[in-house]
Amino acid sequence: MVYSKQIVNRLNRVDGQLHGVLRMIEDTRECSDVVTQLSAIKSALDRTLGLIVSENLEQCVRESMADGQGSDEHVKQAVQLLMKSR
């Protein structure tokens, strides 16, 4: 699968947030601040995961249609990925 620049940008942002949390912990910042940032990271990862699954579904359906194959199997695989991500 080819990943979009948007996905790479989102993951780079999450990476930066995670490094920021590590610095907060090293600086003994308040627990509530750390938890707030970790929640933001979790939310960003969930949204990125959803984007990856949706792009995968779209790509699989397009490929199966171009090949003249039914897309049922590809859709099932994408749904399984979505369920696994939850």
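Biologist: What is T48 in contact with, leaving aside its neighbours within four places in sequence?

Modeller: T48 is in contact with I7, R10 and L11, once those neighbours are left aside. Contact means heavy atoms within 4.5 Å.

Biologist: What sort of model is this, and how are residues numbered?

Modeller: This is a predicted model: local features need pLDDT of at least 70, side-chain atom pairs count only at pLDDT 80 or more, and totals for chains, interfaces and linings use all residues. Residues are numbered from 1 along each chain as its sequence is written, and side-chain values use heavy atoms, with hydrogens and water left out.

Biologist: Back to T48. Where is it found?

Modeller: T48 is in helix α2. Helices are DSSP runs of H or I with at least four residues, strands are runs of E with at least two, and both are numbered from the N terminus.

Biologist: Is T48 buried or exposed?

Modeller: T48 counts as buried, because its relative accessibility is 2%. Buried means under 20% relative accessible area, exposed means over 50%, and partly exposed is in between (1.4 Å probe, protein chains only).

Biologist: Which other residues of α2 are buried?

Modeller: The buried residues of α2 are V34, I41, A44, T48, L51, V53, E55, N56, C60 and S64.

Biologist: How many residues has α2, and what does it span?

Modeller: Helix α2 has 36 residues. From its first C-alpha to its last it reaches 52 Å, close to the 52 Å expected at 1.5 Å a residue. The expected span is 1.5 Å times one less than the number of residues.

Biologist: How much of the chain is buried?

Modeller: Buried residues make up 21% of the 86 residues.

Biologist: And the accessible surface of the chain, what does it come to?

Modeller: It comes to about 6,400 Å², and 55% of that belongs to carbon and sulfur atoms. Accessible areas come from the Shrake-Rupley method with a 1.4 Å probe; for residues, only the protein chains shown count as cover.

Biologist: What share of the contacts is between residues 24 or more positions apart?

Modeller: They account for 60% of the contacts with a separation of 6 or more.

Biologist: Now the inside. Which residues make up the largest nonpolar core?

Modeller: Six do: V14, V21, M24, V34, I41 and A44. The elements that give two or more residues to this core are α1 and α2. A nonpolar core is a set of buried Ala, Val, Leu, Ile, Met, Phe, Trp, Tyr and Cys residues joined through side-chain atoms within 4.5 Å.

Biologist: Why would nonpolar side chains be together?

Modeller: In soluble globular proteins, nonpolar side chains tend to be buried together.

Biologist: Pick M24. What does it touch?

Modeller: M24 touches R29, D33, V34 and Q37, not counting residues up to four places away in sequence.

Biologist: Where does R29 lie?

Modeller: R29 lies in the loop between α1 and α2. It is partly exposed, because its relative accessible area is 46%.

Biologist: How many salt bridges are there?

Modeller: A search of the whole structure finds 1. The side chains of D33 and R29 meet in it, at 3.7 Å, N to O. A salt bridge is a side-chain nitrogen of Lys or Arg within 4 Å of a carboxyl oxygen of Asp or Glu.

Biologist: Why can side chains pair?

Modeller: Side chains of opposite charge can pair when their charged atoms come close.

Biologist: And D33, what is its relative accessible area?

Modeller: It is 30%, so D33 is partly exposed.

Biologist: What about T28? Where is it found?

Modeller: T28 is in the loop between α1 and α2. Its phi is near 50°, a positive value in a residue other than glycine. T28 is exposed, with a relative accessible area of 67%.

Biologist: On to the surface. Which residues form a nonpolar patch?

Modeller: M1, Y3 and V8 do, with about 280 Å² of accessible area together. Patches are made of residues with over 30% relative accessible area and no salt bridge: like charges are joined within 9 Å, nonpolar side chains (Val, Leu, Ile, Met, Phe, Trp, Tyr) within 5 Å. V8 sits in helix α1, residues 5-26.

Biologist: Last topic, M83. Where is its place?

Modeller: M83 is in helix α3, residues 72-85. M83 and V53 are 30 residues apart in sequence and 9.9 Å apart in space, C-alpha to C-alpha.
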